Amino acid sequence: MTVERESSYLASEKNAGKVASFLRAMGAVVWKDLSAELRSRELISAMLVFALLVIMIFNFALDLDPATRRDPTITAGVLWVIFVFAGTLGLNRSMAVEKDRGCMDGLLLAPVDRSSIYFGKALGNLIFMLMVEIIVLPIYSVLYNVNLLNLGLLVVILLGSIGYVAVGTLLAAMAVQARTRDILLPILLFPVVLPVILAAVKASTGFLDGSEMELIRPWLNLLIVYDIIFSAVAFMVFDYVVEE
Amino acid sequence: MEESKPRLLTVLDVFTVALFLIATYMVFFYAPQEAVMGDVQRVFYFHVATGWVGMLGFIGAAVAGIIYLIKKDRKWDIVGLAAVEIGIVFIFINIVTGAIWARPIWNTWWTWDPRLTTATVMLLIYLAYLMLRQGIEDPDRRARFGAVYAIVGSLSVPLTYFSARIFRTIHPIVIGSGDPSATGSFDMSPLMTQTFMFSLLTFTFIFIDLFWHRIRLGRKADHVEQLRLQTME
Amino acid sequence: MSQSEIFVLPSPRAPQLRSSLAMIKVRKLVKRFGLKTVLRGMDFSVERGEFVALLGPNGAGKTTFLRILASLSRPSMGGVNIAGYRLPDQAAAVRRRLGVVSHLPLLYGDLTSEENLRFYGRMYGVQDLPARVAEVLELVGLTPRRRDLVRTFSRGMQQRLAIGRAVLHDPDVMLFDEPHTGLDQDASAMLDTVLREVAARGRTVVMTSHDLARAADLASRFDVISRGVITASVHSDEIETNNLLAFYRQAIQSS
């Protein structure tokens, strides 16, 4: 009895050590990406300028008059197009950095679980994407004179970004290893991430519209399901994307 | 390694062609004309059958991908690629035949209905799969990435379908309990059902036959590559 | 921390309990890429403390072989054993005891040299990290540039920092893949000083190179690899440096 308890105690101790080392490695990767970005600001500034340009192009391309500007469907659609395109830029860049000086090999040489590298990269990408989104929202509000300060909308943006980044980080890790790496990511990512975009746009419209929660909930559920499924799948297959 | 064409495959070829001829005959002469839509409804038999084959290809690619990742055997990479290549052709036929039917019935070539959207997304994922493979030189990596993408894609497609389905659909659901108010919906008479079932069977055989041929081709290509490497040394 | 303390470098090597002297043991290793066979049943063994130079023409499989030892690439067939652990199933244990320097520096340009080391130190779970980072920077002679971005470094400095990165966790086995690539004479000489220092601490080293002169200076054993197998092997005390080229030529031709 005592022996059994002891061994199970040891096993749980060992598991705790594993979790700690997983979190340590994941944290190190996030810290590394954030401090590099804090210094160069290359990624976020590129994403932001790009986002502003898209806002401008939409203004002229759709010739948005004051009434349509406030149309929640248009607002949600334009916002998500901005996020998706700017996000691709960020994902590509964040993986190219790992490929540049062979850093990916450096990461793989470390005695850590490979999925901790995936989650570290994904979390870093999510932080960048959320930062861009937080900056874009007030700018959009001012330029188009719409109120985007809506808790529901923020939740949708968080859920949508998680799903987008979960798949995006995995596919970007594949895309950078291909000869056609710069053009490949959107082609791989967009058809796969379509359910997220659809659900996110619909839910955003719902919140901006002030729709009943009952109408929005299916979309939120879909987002959550997508986030869970794809985080789990990426967790399982990331090894195959980086190993040789 | 050197193998001649298996007898069974030849039999299957002949059998499939015969099935296809009979199915074509049934579509045009055996099945009765649909009362409201007229002859254009005959597209339906092959339309659904090609969609079915496209889906088989997609599922086949995902299953082959999972097996490849576990076993790391090149054979399964060839199987996955074969499934995608066949699927792509049939999904394309499916979309085109659908458009031909939709023009007179819905008065438009195209609508963003869940099934149409899903078929298109499937086609795009297939195309992305091929482009991904094209961009990678190392055959092992190509196989691994193909497998991973097939798996990710196969999970995304049903989600696309469900999300698009939450909108109201106008696509008729002939099989299973559909919304009878959908434009172009109809009840199948027994002769129609027989023709439909026969078409499904025929296209399943077409799929198997092509699949077999394509896998054989892939192995022959491997064999040629091996001989090339041997002579280079 | 005073200068003298920093120079008292290596933490003393832990006493080894395993009886076998072989630090690296490779048996009948086969590696295929698709249908192409790059390594054809290689046998290779390195004893503790040896410095082996792997020589061979381009395309002989040197880099492939080193990537397998580094656990970055999986063997198609055969056994690889490093420091008593099997690859690929015990890869984590092997990685903990392995330091790798390749011709790419594996460093982040937008981080300072100190930050780069700190990052890798965290990945390896190095104890007492700030002190160890300072120690290593001193070893590779980059203490004055510790707050500079790696992006601004010359190739030679990047390569020295790469060595610092590789010894950070005090590995038993070191793998160098063409470390001199792209370096001029002075930078190479400086790199050699660091390499020698790293190797002198009782570490086992395997280095690939196509520069016979550089290899002759450093290694204690020369193995020639050609068409995916080791064709010849000689200890440095069995051969005159002048004869090395002839030995190499012969080993290549005999395959």
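At what angle do helix α6 and helix α7 of chain C pack? The angle is about 10 degrees, and the axes lie 9 Å apart. Axes here are lines fitted to C-alpha atoms, for helices over the stretch in contact, and angles run from 0 to 180 degrees between N-to-C directions. So α6(C) and α7(C) are roughly parallel, a label for angles under 35 degrees.

A word on the source. This is a predicted model: local features need pLDDT of at least 70, side-chain atom pairs count only at pLDDT 80 or more, and totals for chains, interfaces and linings use all residues. Residues are numbered from 1 along each chain as its sequence is written, while chains are lettered from A and ligands numbered from 1 in the order in which they are written. Helices are DSSP runs (H or I, at least four residues), numbered from the N terminus.

Back to the pair: α6 covers residues 155-167 and α7 covers 185-199 of chain C.

Next, chains A and B. Here 26 residues of chain B are in contact with 23 residues of chain A; contact means C-beta atoms, placed from the backbone, within 7 Å. On the chain B side, α4 (114-134) and α5 (139-165) each give two or more residues. The largest share, 15 residues, comes from α5(B).

Last stop: Asp65(A). Find Asp65(A) in the loop between α2 (42-61) and α3 (66-69) of chain A. Its C-alpha atom is 9.5 Å from that of Tyr144(A), 79 residues away along the chain.

Terms used: Two residues are in contact if their C-beta atoms, placed from the backbone, lie within 7 Å. Angles under 35 degrees count as roughly parallel, over 145 as roughly antiparallel, 65 to 115 as roughly perpendicular and the rest as oblique.
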